[in-house]
Amino acid sequence: MAAEKLRDLSQPIDVALLDATVAAFYGTGSKEERTAADQILRDLQNNPDMWLQVMHILQNTKNLNTKFFALQVLEGVIKYRWNALPVEQRDGMKNYISEVIVQLSSNEASFRMERLYVNKLNVILVQILKHEWPVRWRSFIPDLVAAAKTSETICENCMTILKLLSEEVFDFSRGEMTQQKIKDLKQSLNSEFQLIHELCLYVLSASQRAELIRATLATLHAFLSWIPLGYIFESPLLETLLKLFPAPSYRNLTLQCLTEVAALNFGDFYNVQYVKMYNIFMVQLQAILPPTTNIPEAYAHGSSEEQAFIQNLALFFTSFYKFHIRVLETTQENIAALLMGLEYLTNISYVDDTEVFKVCLDYWNSLVLELFEAHHNLDNPAVSAANLMGLQMPLLPGMVDGLGPQLLQRRQLYSGPMSKLRMLMICRMAKPEEVLIVEDENGNIVRETMKDNDVLVQYKIMRETLIYLSHLDHEDTEKQMLKKLSKQLSGEDWTWNNLNTLCWAIGSISGSMMEEQENRFLVMVIRDLLNLCEITKGKDNKAVIASNIMYVVGQYPRFLRAHWKFLKTVVNKLFEFMHETHPGVQDMACDTFLKIVQKCKHINGFQLDFVLPAPPVGGGVEFPCTFTACFSYYQVGENEPFVSELLAGLATTIIDLEPHQIHTFYESVGHMIQAESDPQKREEYLQRLMELPNQKWGEIIGQARQSVDFLKDQDVIRTVLNILQTNTSVANSLGTHFLSQISLIFLDMLNVYRMYSELISSSIAEGGPFASKTSYVKLLRSVKRETLKLIETFLDKAEDQQQIGKQFVPPMMDPVLGDYARNLPDARESEVLSLFATIINKYRAAMIDDVPRIFEAVFQCTLEMITKNFEDYPEHRLKFFSLLRAIATFCFPALIRLSSQSFQWAHPCILGSPVFFLQQLKLVMDSIIWAFRHTERNIAETGLNLLLEMLKNFQNSEFCNQFYQSYFLSIEQEIFAVLTDTFHKPGFKLHVLVLQHLFCLVESGALTEPLWEVATVPYQYPNNTMFVREYTIKLLSTSFPNMTAAEVTQFVNGLFESRNELSTFKNHIRDFLVQSKEFSAQDNKDLYAEETAAQRERERQRMLSIPGLIAPNEIQDEMLDS
């Protein structure tokens, strides 16, 4: 192929041939031609000398794609190798790019025609600036401003370059440049902004060219967030922007600039200017968008520019109010303008656009939080006066002395907007996670198949906002909700969506009212919903109402716990819904029953509601049409506990449920039984609950004793699976009290396990790997997995009783562990690994004697399965390393003993030498290194946590020197390898901890033996610190040839200096990753994951302090019962 000549870069490249190759890559030719062109272009791009051809290519090609290819090559060199280039080459390329930009933008025709090319050249120039300016190109800003004054088109492009530069320094710099470099660039831009400011003002006041004015406004928008405030408030800039605002062609850009100004917050110095700006803006806005406008309707029918204006208007109001709302509370004139602006924002919040609503919701949340905190502090005498004074609220006209009246008057000022905001939240409430019944795009009521995470996030914010609003005025919240509900009953406002959002809002404020008020409110709500259910016809309508009833009652466990009669009525209604076959209703009924049972365990801290004496339900589960009839079930003198009554009708209740729904139901009843304090009654209830599955289990085992082939029938296998799943559900809720039931089936269950395992192995041996994918083998494996899951669930949930471990672990050794070792790889169940990890985590040191057997059965064979590649046996990978971590954490002496015993058999005379580590621990350490190299996040993190456990354990053992002599350097090298690999960014926190451990250890002097090979290293280092310092410098210099020796040495010295301060150590490594260019132009949020997690925990603690903010059904039981 002629294009092969392109690979020879010893002479100027054939530009025509390169054009043809690029055309072939982007063309519509054969797949082979495109593939060949792609390979040549990749090879050229990877050739370190290719960038020297860039100038030649740009000068001789007319093809835009070829130009872009050449600039892509140049961009890579600028990012990763610029500082290593000779000064002459850097200056030559810098000057050439600048000249081409000036040449193309100097006249209108070429500037418009080559706009894409010029934009790419601008990007390249800014990349160069990040290296050259300000140190090596001090005159850049004056040169640029001078060039801008020569031509309006050059000026327009100069504005684009300045905008790009501002974005690079202030918006995209995190993770792109070191913190010191960012600081230097910001200082340079600040110090030279006067020239830019004068240029922008001159253009806005003197130019008639629309494109130039728009470009200048876009540049100002990028600069306004960081320039010195004097350039904004002590110059004609604000006045100029407000003059441009009414002009349709500049309106959106001007509004974006005003929004940036509104978002500035540097104290009260410019309050007068802010008030003036706001009032002028509001006068202009009323002319553009009259207050009577139906904004949601106007948005729906508006052009893209008009819609953008509404979006920008939302951003302006929210930004201004977030930082400056208090300056508008000072005079009646300002208050009137403020209330009008809040009315605009409320109307914009009804716009049917998710992004617009998110902007508005974010501000409403912050406003009501501020009002609530002031209200909460006022009502809370424990809050100190100093905290209250910290609110720094200005006096309103007519206020008396004292902070209390200020807060009350401020609350009253916002009472009107807050009332409208409550209605907004009620009308637009997002769907909670618990609701499974939704309306599809065709208007049908169906079961939800996939969770929408965006909706769930929105629900959490709206719920929080409505909680604050409820605290501010419980009466208004209750009044608006009940009024809207009455309109549902009358039919005036009846739609599925209206009822849904109302009930989701009602459920969302659970816990925010005083208990007495909440009780009264909920009684009226449930009464109206039940009446609505009675009077409404149609299966879909009833399904929607049923869904809402279940959601609402599930959100108010405090009310249910306090009202047994009502609770029983609700539960019976759920039993009725369990016979309703409409999609989603049964699922929601079972889920709600489980939630209610979990959260309503106690009355006054004593006994479970359901085991207190209560009368039986009459002839069925007919639900009354009014709330008062709920109490008609109860008659004095009945003494049968409800759980007993439920067990008597169990078969009838679950007859219409699917297997997975039955399992949820059984788990719920298990919670009821678990709360029974009388052991004898608890055992009786458990026997009655398990009567149906045990009866079926007994029949199957009896038939199997007569003919083992009976167990091979697929229907029998499915029945066995279902029985085991039912047992698992009950074990999950009963914990230790499930002992008698699992003891009853345990040995038979292990025999079934062994038999099915043999069937699987023989099927795979006969049918090959594909046999493992047949429905029959999958079914058999499901039984094995469920058996393991049942045992694991019971042992995990059971209280830490050694006799339980001694009873169940030994019988499993051969049927489970031995079976795992004997099986073919495709027949090994990963649940075996997680089961024994659970056992070791549970019984800890008591399992030390069993570790050799476990190790022998699973270690070597599993390692062979998972280390062939990174894809096969994904489930085994994580569980294997979780097992290893459990052993290393709780049974570490067993690893030492295991190694010592093996070594003693081989070398009884030299026990204790370091050789046994090489023999026994090498496989373990290799597997750990393999784990944290894995690109699957969970596996890599488990491997890193396991490594940290091993490092700490060996540091405190008698084998510290031998271990670190063997593995210190290899661990350091491997950790640096994954640390600088962008695929492993999520493990950054753990990488840092491992490195910190290593550097602290070597500095501590705990390692008394040399880490270097004494025989092969001619120079003997004075200590390990000196050796590790030199080794690390060599390692990183080899890995990062683009960094100078001084840069690498500075980094390594910094590691040793900052080793004792984790945050400094971590930031030092972050800067190195950016400086090494490995993490440039990447999403680096994972490098800051630890700080983000800490912020989330602080936020949760704050939410726990506010009643209702964490839903009562989400708070742990012990908190509820305390």
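# A tour of a helical model

The protein's secondary structure amounts to 53 helices and 2 strands, where helices (H or I, at least four residues) and strands (E, at least two) are DSSP runs numbered from the N terminus. This is a predicted model, in which local features need pLDDT of at least 70, side-chain atom pairs count only at pLDDT 80 or more, and totals for chains, interfaces and linings use all residues. Residues are numbered from 1 along each chain as its sequence is written, and side-chain values use heavy atoms, with hydrogens and water left out.

**Whole chain**

Colour the chain by pLDDT, the predictor's confidence in each residue, from 0 to 100. The mean for the protein is 84, and 85% of its residues reach 70 or more. Select 1078-1084: the pLDDT there is below 50, and beyond near neighbours in sequence this stretch has 25 contacts in the model, a contact being heavy atoms within 4.5 Å. Residues 1117-1122 also have pLDDT below 50, with 9 contacts beyond near neighbours in sequence.

Next, colour by accessibility. Of the 1122 residues in the protein, 53% are buried; buried means under 20% relative accessible area, exposed over 50%, and partly exposed in between (1.4 Å probe, protein chains only). Among contacts between residues at least 6 apart in sequence, 74% join residues at least 24 apart.

**The nonpolar core**

A nonpolar core is a set of buried Ala, Val, Leu, Ile, Met, Phe, Trp, Tyr and Cys residues joined through side-chain atoms within 4.5 Å. The largest one has 353 residues, and those touching the most other members are Phe 281, Phe 317, Tyr 321 and Phe 593. Helix 38 (residues 739-767) supplies the largest share of this core, 12 residues. In soluble globular proteins, nonpolar side chains tend to be buried together.

Centre on Phe 281 and show its surroundings. Leaving aside residues up to four places away in sequence, Phe 281 touches Leu 242, Phe 245, Leu 255, Leu 258, Leu 313, Phe 316 and Phe 317.

**Aromatic pairs**

Rings of Phe, Tyr and Trp (its six-membered ring) pair if their centres lie within 6.5 Å; planes under 30 degrees apart count as stacked, over 60 as edge-to-face and the rest as tilted. By this rule there are 51 aromatic pairs. In Phe 317 and Tyr 321 the ring centres are 5.7 Å apart and the planes are at 20 degrees, so this pair is stacked. Phe 317 and Tyr 321 are 4 residues apart in helix 18 (residues 304-324), a separation of about one helical turn. An α-helix has 3.6 residues a turn, so residues three or four places apart point the same way. Phe 317 is buried at 0% relative accessibility, and Tyr 321 is buried at 1%.

For an edge-to-face pair, select Trp 137 and Phe 140: the centres are 5.2 Å apart, with 65 degrees between the planes. Both Trp 137 and Phe 140 are buried.

**Charges over rings**

Here the test is NZ of Lys or CZ of Arg within 6 Å of the ring centre and within 35 degrees of the ring normal. Arg 251 has its charged end over the ring of Phe 309, 5.7 Å from the centre. Select Arg 828 as well, which lies over the face of Tyr 820 at 5.7 Å from the ring centre.

Select 564-577, which is helix 30; its 14 residues should span 20 Å at 1.5 Å a residue, and the end C-alpha atoms are 20 Å apart, in agreement. The expected span is 1.5 Å times one less than the number of residues. Because 12 of the 14 residues of helix 30 are buried, the helix is largely enclosed by the rest of the structure. The buried residues include Lys 568, Asn 572 and Lys 573.

Move to His 663 in helix 34 (residues 659-674). His 663 is buried, at 10% relative accessibility. Its contacts, not counting residues up to four places away in sequence, are Asn 722, Gln 725, Thr 726 and Ser 729.

**Backbone stops**

The peptide bond joining Trp 133 and Pro 134 is cis, with omega about 5 degrees. Pro 134 is in the loop between helix 7 (115-132) and helix 8 (140-148).

Arg 844, in the loop between helix 41 (831-843) and helix 42 (851-866), has a positive phi near 50 degrees without being a glycine. Its relative accessibility of 45% makes Arg 844 partly exposed.

End at Tyr 873, in the loop between helix 42 and helix 43 (874-890). Tyr 873 also is not a glycine and has a positive phi, about 50 degrees. At a relative accessible area of 22%, Tyr 873 is partly exposed.
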